[in-house]
Structure formats: C-alpha cells, structure tokens
Amino acid sequence: REEHRPLEMRDLVNEVREFSLGAYPDRVISTDISADCTINGNYKHLYSAVSNLVINALTKGADGVLVCG
C-alpha cells in the first residue's frame with residue numbers, strides 16, 4: 001500500500017506549474033492559491049492527477065487560453 005501523508009496542495013500545484021512551464025514555455029500558467037490547503041494523500045497520485053488536468057488544458061485547450069490552478 002502506498003503511503004499517505006500530509007501534503008500542502010499549494011506546493012504540489014506550484015511544482016506541477018514549474019514542470020509544465022518547462023514543457024510548454026510558450027504558454028501562460030498561473031496559480032493563485034491564497035489559503036493553506038493541507039490534505040492527507042499519496043504524493044505521486046495527487047501529482048499525477050493535477051498534472052493530467054494541467055497538461056490536458058494545455059494540449060486540448062485553444063491557443064491563448066490562460067491555464068489557472
């Protein structure tokens with residue numbers, strides 16, 4: 001069983017943003033997470049879920065669409 005631990009979602013979303021900017025440097029990816037949001041979860045699974053949402057928005061969305069997290 002994979003380990004669940006407290007995770008700060010702001011940090012995880014920002015990690016996905018940085019990775020995505022490297023892969024899609026011509027796109028604008030903005031985050032605005034003002035509140036702390038700590039959840040218990042599996043880092044790999046949550047990173048994959050957030051990353052999939054962002055990558056889908058970047059690859060399936062229209063050019064010029066602002067991707068926000």
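Biologist: In which hand does H1 pass H2?

Modeller: Two packed helices are described by the angle between their axes and the distance between the axes. In this predicted model, where local features need pLDDT of at least 70, side-chain atom pairs count only at pLDDT 80 or more and totals for chains, interfaces and linings use all residues, H1 passes H2 in a right-handed crossing, a crossing being right-handed if the near helix is turned clockwise from the far one by less than a right angle, and left-handed if anticlockwise. Residues are numbered from 1 along each chain as its sequence is written, and side-chain values use heavy atoms, with hydrogens and water left out.

Biologist: At roughly what angle do the axes of H1 and H2 cross?

Modeller: The axes (lines fitted to C-alpha atoms, for helices over the stretch in contact, with angles from 0 to 180 degrees between N-to-C directions) cross at roughly 45° and come within 10 Å. That makes H1 oblique to H2, since angles under 35 degrees count as roughly parallel, over 145 as roughly antiparallel, 65 to 115 as roughly perpendicular and the rest as oblique.

Biologist: Which residues make up the largest nonpolar core?

Modeller: In soluble globular proteins, nonpolar side chains tend to be buried together. Here the eight residues are Met9, Leu12, Val13, Val16, Ile29, Val50, Val54 and Leu58, a core being a set of buried Ala, Val, Leu, Ile, Met, Phe, Trp, Tyr and Cys residues joined through side-chain atoms within 4.5 Å. The largest share, four residues, comes from H1.

Biologist: Is Leu58 buried or exposed?

Modeller: Leu58 counts as buried, at 4% relative accessibility (buried means under 20% relative accessible area, exposed over 50%, partly exposed in between, with a 1.4 Å probe and protein chains only).

How values were computed. Helix = DSSP H or I, 4+ residues; strand = E, 2+ residues; numbered from the N terminus.
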